[in-house]
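Hi everyone, thanks for making time for this. I'd like to walk you through one model, so please have the sequence and the structure up as I talk.

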Amino acid sequence: MSDDHRRLRVAFLGLGRMGTPMARHVLTAGHDLTVWNRSPGKAEPLAAAGASVAGTPAEAAADRDVVVLMLAAPDAVERVLFGPDGVASGAAPGTLVVDGSTIGPDASRRMAERLRGQHLRYVDAPVYGSVGPATEGTLGVLAGGADDDVAAARPLLELWGDPKQVRHVGPTGAGSAAKLVRNLTLGLALAGIGDALRLAATLELPGDVVDELIAAGPLGAAFPGVRQILAAGPPETANFTVDMLTKDLRLCLAAEPRLPLVDAARAVGEAAHADGHGQDDTRALPLWMRDAQR
């Protein structure tokens, strides 16, 4: 390993669908890895591959150069950083926290300010892509933070993402802001496809004609995966759930309430959740919209 990519002591907290393959890249690159997850059993495959397993976030963060978070929501990040036995109580001054969670720019800036008060550094670096790109190391990464901190995080960020897709987009909070803008477009594309399918079903258009029209039109270009949805349906195993997308749309509205289309897409996601489909893959959403209460 070159001097530019020295062996780092890394803690990785949050071993969900995305976190586990991302943590594995840290390990296979030769870094010293400690992991923690609220459900300890999820750490077992990484432990078998050579990672150490910590009992608390504070224990995981002790003597680490970098602490990586990959968690579901702002309250989870706050709890893991500042709760009892949280990262802030175990990390040494100067430790870099890299937050891959999607929590919104306001929460990112709030976390950074609190960490700075304890002499810790922070980069918000949410990722985009699904489990496949996470496994392949080809995610997109949107980083916000001070130049020196993002540079220090880059050897890890480039394990998860194609270097051409690892972007420093601005100061603290900018990575989270960019991720919300990206996921806003995903939510609107899926809801738009759902509306088109529902209107076509109401008007009794032939399914093959409708599929071709949508896939070849503007929404098909915006969401290339629409062909797979229309041909084969959504995957059985969710990569990015309806509930997670809906959470991101709520974060968009918290930052800017005057987004009527986002508000409508948020309402669709909440209705799908109420109908028992919150843990479905987001690619199921247009089909649910087509069929709901028909």
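Let me start with a question: which residue follows α1, and what is its phi? The residue is Gly30, and its phi is positive, near 95 degrees. Before I go on, please keep in mind that this is a predicted model.

Since we are at α1, let's stay there for a moment. Is this helix mostly covered or mostly open? It is mostly covered, with 8 of its 10 residues buried. Those buried residues are Gly19, Thr20, Pro21, Met22, Ala23, His25, Val26 and Leu27.

Two of these names come back when we look at Leu159, which sits in helix α8. Setting aside residues up to four places away in sequence, Leu159 touches His25 and Val26, along with Ala29, His31 and Gly137. Leu159 itself counts as partly exposed, because its relative accessibility is 21% and buried would need under 20%. If you'd like a sense of distance, the C-alpha of Leu159 is 27 Å from that of Ala222, a residue 63 places away along the chain.

The largest nonpolar core has 32 residues, and the ones that touch the most other members are Phe12, Leu33, Val98, Leu157 and Trp160. Which elements give two or more residues to this core? They are the strands β1 (9-13), β2 (32-36), β4 (66-69), β5 (96-99) and β8 (139-144), together with the helices α1 (19-28) and α8 (147-160). The most comes from α8, which gives 5 residues.

Beyond its neighbours within four places in sequence, Leu157 is in contact with Val98, Ala125, Val141, Ala143 and Val166. Apart from this core lies another one, of 31 residues, and Leu186, Ala189, Val262 and Ala265 are among them.

Val262 and Ala265 bring us to the helix packing, so please find α9, residues 174-202, and α14, residues 260-274. How do these two helices meet? Their axes come within 9 Å and cross at roughly 65 degrees. In handedness, the crossing is left-handed. On the α9 side, the contact is made by Leu184, Gly187, Leu188 and Ala191, and on the α14 side by Leu261, Val262 and Ala265. Sorted by class, that contact has 6 nonpolar residues, 1 polar residue and no charged ones.

Helix α14 has another partner for us to look at, helix α13, residues 242-255. Here the axes are 9 Å apart and the packing angle is about 150 degrees. The crossing of α13 and α14 is left-handed. From α13, the contact uses Val242, Asp243, Thr246, Leu249, Arg250, Cys252 and Leu253. From α14, it uses Val262, Asp263, Ala265, Arg266, Gly269, Glu270, Ala272 and His273. What classes do these residues fall into? The contact of α13 with α14 divides into 7 nonpolar, 3 polar and 5 charged residues.

Next, a quick stop at a serine. Ser108 belongs to helix α6, residues 105-116. Is Ser108 buried or exposed? It is buried, with a relative accessible area of 0%.

Let me come back to backbone angles, where we began. Most residues other than glycine have a negative phi. With that in mind, have a look at Asp85, whose phi is positive, near 60 degrees. Asp85 is found in the loop between α4 (74-82) and α5 (87-90), and at 48% relative accessibility it counts as partly exposed. Glu204 also has a positive phi, near 60 degrees. Where does Glu204 lie? Glu204 is in the loop between α9 and α10 (207-216), and this residue is exposed, with a relative accessible area of 70%.

One last residue, and then I'll stop. Arg6 lies in the segment before β1 and is partly exposed, with a relative accessible area of 48%. The C-alpha atoms of Arg6 and Ala48 are separated by 23 Å, and the two residues are 42 apart along the chain.

How values were computed
Residues are numbered from 1 along each chain as its sequence is written. This is a predicted model: local features need pLDDT of at least 70, side-chain atom pairs count only at pLDDT 80 or more; totals for chains, interfaces and linings use all residues. Side-chain values use heavy atoms; hydrogens and water are left out. Axes are lines fitted to C-alpha atoms, for helices over the stretch in contact, and angles run from 0 to 180 degrees between N-to-C directions. Helices (H or I, at least four residues) and strands (E, at least two) are DSSP runs, numbered from the N terminus. A crossing is left-handed if the near helix is turned anticlockwise from the far one by less than a right angle, and right-handed if clockwise. Contact means heavy atoms within 4.5 Å. Ala, Val, Leu, Ile, Met, Phe, Trp, Tyr, Cys and Pro count as nonpolar, Asp, Glu, Lys and Arg as charged, and the others, Gly among them, as polar. A nonpolar core is a set of buried Ala, Val, Leu, Ile, Met, Phe, Trp, Tyr and Cys residues joined through side-chain atoms within 4.5 Å. Buried means under 20% relative accessible area, exposed over 50%, partly exposed in between (1.4 Å probe, protein chains only).
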